[in-house]
Amino acid sequence: MADIVDIAVNTEGFRTLVTAVRAADLVAALKSPGPFTVFAPNDDAFAALPPGTITTLLQNIPQLTRILKYHVVAGRYTKADLRTGMRLPSLEGSLIPIYLAGDEFEVKNATVLAADINADNGVIHVLNRVILMGGDGEAPGDARQGWYSQPVTGL
């Protein structure tokens, strides 16, 4: 098996994420033993950002680093480990809300396109959009506002 970075580098659809991780100097951290859970936006997710956003972030490394760390949680969390209402503490410091209903699996305001990609040092869940920190942990306009009111305990 490979680590999180090696999987991203060798998997179609993560070119923008890999570029961002390299620019933010997070490669060594994501190659460390972890374990980590990475909510990984694919290239289409980055392309859906407003025009110029990626270029701006690549010129503002502290902000880019903060956004990338918001997509990473300490610990290995497979889909089976997660429950609706959980709020996982990201490495950035903000909580990431989780929603599960049947086959539907969402992280904040993003849909998980592929879950449980196992790596030597964690697990990757592929997202259809880049998630951004919010002051209250809720996405503006999220139809499920209020469903994730309790933080995860015992981590």
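Two strands pair if DSSP finds at least two bridges between them. Strands themselves are DSSP runs of E with at least two residues, helices are runs of H or I with at least four residues, and both are numbered from the N terminus. With that in hand, the sheet can be read. Seven strands form an open sheet in the order β2-β1-β7-β6-β5-β4-β3, with mixed pairing. β2 and β3 (87-89) stand at the edges, each with a single partner strand, so one side of each is left without a neighbour in the sheet. From one strand to the next, the twist averages 30 degrees. Axes here are lines fitted to C-alpha atoms, for helices over the stretch in contact, and angles run from 0 to 180 degrees between N-to-C directions.

This is a predicted model, in which local features need pLDDT of at least 70, side-chain atom pairs count only at pLDDT 80 or more, and totals for chains, interfaces and linings use all residues. Residues are numbered from 1 along each chain as its sequence is written, and side-chain values use heavy atoms, with hydrogens and water left out.

Now take the whole chain. The protein chain has six helices and seven strands. Along the sequence they follow the pattern α-α-α-β-α-α-α-β-β-β-β-β-β. The chain has 155 residues, and 46% of them are buried. Buried means under 20% relative accessible area, exposed means over 50%, and partly exposed lies in between (1.4 Å probe, protein chains only). The chain exposes about 7700 Å², and carbon and sulfur atoms supply 53% of that area. Accessible areas come from the Shrake-Rupley method with a 1.4 Å probe; for residues, only the protein chains shown count as cover. Of the contacts in the chain with a separation of 6 or more, 64% link residues 24 or more positions apart.

Where does strand β1 (residues 36-41) sit, and why is it largely enclosed? Six of its six residues are buried, so β1 is largely enclosed by the rest of the structure. Both faces are covered. F36, V38 and A40 are buried on one side, and T37, F39 and P41 are buried on the other. β1 also has a strand on either hand. It pairs with β2 (residues 72-74) in the antiparallel sense over three bridges, and V38 stands opposite V72 there. With β7 (residues 122-127), β1 pairs in the parallel sense over six bridges. T37 has V123 of β7 as its bridge partner.

β3 and β4 run antiparallel, joined by three bridges. P89 has L95 in β4 as its bridge partner. Four bridges then join β4 (residues 95-101) to β5 (residues 104-107), again in the antiparallel sense. I98 is partnered with V107 in β5. β4 and β5 form a hairpin with two residues between them, and G102 in the turn has a positive phi of about 60 degrees. β5 and β6 pair in the antiparallel sense over two bridges. V107 stands opposite A110 in β6. Their hairpin has two residues between the strands, and K108 takes a positive phi near 55 degrees.

Some backbone angles deserve a look. Most residues other than glycine have a negative phi, and most peptide bonds are trans. D25 has a positive phi, near 60 degrees. D25 lies in the loop between α2 (15-23) and α3. At 67% relative accessibility, D25 counts as exposed. D116 also has a positive phi, near 60 degrees, but its place is in strand β6 (residues 110-119). At 31% relative accessibility, D116 counts as partly exposed. The peptide bond from G34 to P35 is cis, with omega near 5 degrees. P35 lies in the loop between α3 (27-31) and β1.

Is D3 buried or exposed? At 12% relative accessibility, D3 counts as buried. Its side chain reaches the backbone nitrogen of V5 at 3.0 Å. That is a polar contact: a pair of N or O atoms within 3.5 Å, where, within protein, one must be able to donate a hydrogen and the other to accept it, and residues adjacent in sequence count only if both atoms are side-chain atoms. Not counting residues up to four places away in sequence, D3 touches K31, A119, D120 and N121.

Conventions: Contact means heavy atoms within 4.5 Å.
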